[in-house]
Amino acid sequence: MPIAQAIDDLTTLLGERVSLSKPDLEAHGASESYFPNTPPQAVTYPRTSEEVRRIVEICARESVPVIGWGAGTSLEGHGQALQGGVSVDFRLMNKVLEIRPADMDVTVQPGVTREALNEELRATGLFFPVDPGANASLGGMTMTRASGTTTVRYGSMRDNVLGMEVVLADGRMIRTGTRARKSAAGYDLTALMVGSEGTLGLATELTLRLHGVPEAISAGICAFPDMGAATACVMETIQMGIPMARIEFACDQTARAFNAYAGTDMAEAPHLMVEFHGSPESTAQDAERFAEIVADHGGSAFRWSGREEERRALWSMRHNGYYAILASRPGARGVVTDICVPISRLAEAVEATQADIATSGIPGPILGHVGDGNFHAILLVDPDQPAELQTAKDLAARMAKRALQLGGTCTGEHGVGYGKLPFMAAEHGQGWQVMGAIKRALDPQNIMNPGKLVPGN
């Protein structure tokens, strides 16, 4: 059979770095969200770009699916082997290849995590800003066009990937982009690959934009009487042009979960968590202006600090939000979904979502990166109650449709995988068919992460 021949050839190439063990296969068929385990038939662990090229070449010859695997933190089933095949785990391709401080860029292998990169950059006065919360791999972040808490100031992976080395479905290796900060030379293949979710090729090198570490950083938190007041505060803050580095929202249920999980004493009310980057003077001025807006919208006294340990505690709590919310209903699984809308429609989207969840009968705390109109609902379901899972899926579908009606998107940062496939036609119209045509042109055998992102896949 083709898979048997492919495994034989891969074992000749990689030796013990081909795994057929059941625990390894199941680990590479798992999801952070509610999707059932869908394992591959083999897992490979390449060390070099040439080994990745040979893996894809072997799989192409035998028409065997190839699925890229980073840190496994995706939420829409991106890494699951829906049609079997070979998982390509990039954990051994974890080298920072070259740091160029004068040009403020860096070249890395795809298995480098964002935390490892920033640790490597500490002596340079530079940092990589995209922060999705999880310590994700930079290859996975690139292929899902990740964003996160700092996107409101520094942009998403779309804005911070300068170029890539990519292995295509037929084993060809190409380079996209350059280290120049702009180009008018032909199609933007880097932009095509960023967010392609492994359906067009596998990234084997990334050249990323870096930013200077701010002279001063301050962060703070405040509570509001209701969701409307908090979201109105966000909209006015953005429209006033206050240069927020982060502006995060947590609903009252989320605050309650934080208290139980982390031993905090937050009021059980909607909160905003914010951060300012700049000089000592500018961060103080920004905090004062923000405090005035908070007061205008009935918020509590805005407490902020420039002390590093206090900032770290605040963002550690925020980044552990998913686990705190899961712990609030022991034994539950999370149907995690996100949408993004224009900032002027944010309050409407959040309030309608909260009202919809309130009538559903299942818990669904809301939190998100509201500075760019993006928020998440973590819908908690009993895995032994299929009716609850269906209720959660229906809620998520209504959220997506509501976002499209408000001029937004069905996903601001989770990506499509196969969880968001039902909404792509409505969002993109004929544009979705064009995506499918690109897929067929570059991957006529449909071996690259089949079943994800595009139609008829």
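Q: How do you know that β6 and strand β10 (residues 201-209) pair, and in which sense do they run?
A: The model is predicted, and in it β6 and β10 are joined by four bridges in the antiparallel sense. Two strands count as paired from at least two bridges, so β6 and β10 qualify. Within this pairing, Val-106 has Leu-208 of β10 opposite.

Q: What makes strand β5 (residues 96-100) and β6 a pair, and what lies between them?
A: Four bridges link β5 and β6, in the antiparallel sense. At least two bridges are needed, so the term applies here as well. Glu-98 faces Thr-107 in β6. The two strands form a hairpin with four residues between them, and Met-104 in the turn has a positive phi of about 55 degrees.

Q: Which residues of strand β6 (residues 105-108) show that both faces are covered?
A: On one side these are Asp-105 and Thr-107, on the other Val-106 and Val-108, and all are buried.

Q: In which sense do β3 and strand β4 (residues 86-89) pair, and what makes them a pair?
A: β3 and β4 run in the parallel sense over four bridges. The requirement is at least two, so they are a pair. Ile-67 is placed opposite Ser-87 in β4.

Q: Why are β1 (18-19) and β3 (66-69) called edge strands?
A: The open sheet has four strands in the order β1-β2-β4-β3, with mixed pairing. Each of β1 and β3 pairs on one side only, and that gives them the name.

Q: Why is Ala-169 called buried?
A: Its relative accessibility is 5%, and the cut-off for buried is under 20%, so Ala-169 counts as buried. Ala-169 sits in the loop between β8 (161-168) and β9 (173-177). Beyond residues up to four places away in sequence, Ala-169 touches Val-56, Ala-60, Leu-200, Leu-442, Asp-443, Ile-447 and Met-448.

Q: Why does Arg-311 count as buried?
A: Arg-311 has a relative accessible area of 16%, which is under 20%, and therefore falls in the buried class. Arg-311 belongs to helix α12 (residues 308-319). Apart from neighbours within four places in sequence, its contacts are Ile-217, Ser-218, Ala-219, Glu-275, Ser-305 and Gly-306.

Q: Where is Leu-453, and why does it count as buried?
A: Leu-453 is in the segment after α17. Although not a glycine, Leu-453 has a positive phi of about 70 degrees. A relative accessibility of 10% is under 20%, so Leu-453 is buried.

Q: Which members of the largest nonpolar core touch the most other members, and which elements supply the core?
A: They are Leu-272, Phe-290 and Phe-375, in a core of 41 residues. Among the elements that each supply at least two residues are β14 (271-278), α11 (280-296) and β18 (374-381). The largest share, five residues, comes from α9. Another core, of 25 residues, lies apart from this one and includes Leu-121, Phe-128, Ala-136 and Leu-206.

Q: Which residues are in contact with Phe-375, leaving aside its neighbours within four places in sequence?
A: Among them are Thr-337, Asp-338, Ile-339, Leu-346, Ala-349, Val-350 and Met-399.

Q: How many residues line the second largest pocket, and what makes a residue part of that lining?
A: The lining has 35 residues. A lining residue has an atom within 4 Å of a pocket point. Thr-144, Arg-145, Val-194, Gly-195 and Thr-411 lie nearest the centre. The elements giving two or more residues are α7 (157-160), α8 (189-193), α16 (424-428) and α17 (430-442). The space in this pocket is about 830 Å³.

Q: How do the residues of that lining divide into nonpolar, polar and charged?
A: The lining of the second largest pocket has 13 nonpolar, 14 polar and eight charged residues.

Note on methods: Residues numbered from 1 in each chain as written. Predicted model: local features only at pLDDT ≥ 70, side-chain atom pairs only at ≥ 80, totals over all residues. Heavy atoms only, no water. 1 Å grid on protein atoms, 1.4 Å probe; cavity = no way out; pocket = protein on both sides within 12 Å on 5 of 7 lines; lining within 4 Å. Points joined across faces, edges and corners; volume = space filled by probe spheres on them. Nonpolar A, V, L, I, M, F, W, Y, C, P; charged D, E, K, R; others polar. Core = buried A, V, L, I, M, F, W, Y, C linked by side-chain atoms within 4.5 Å. Buried < 20%, exposed > 50% of the residue type's maximum accessible area, 1.4 Å probe, protein only. Contact = heavy atoms within 4.5 Å.
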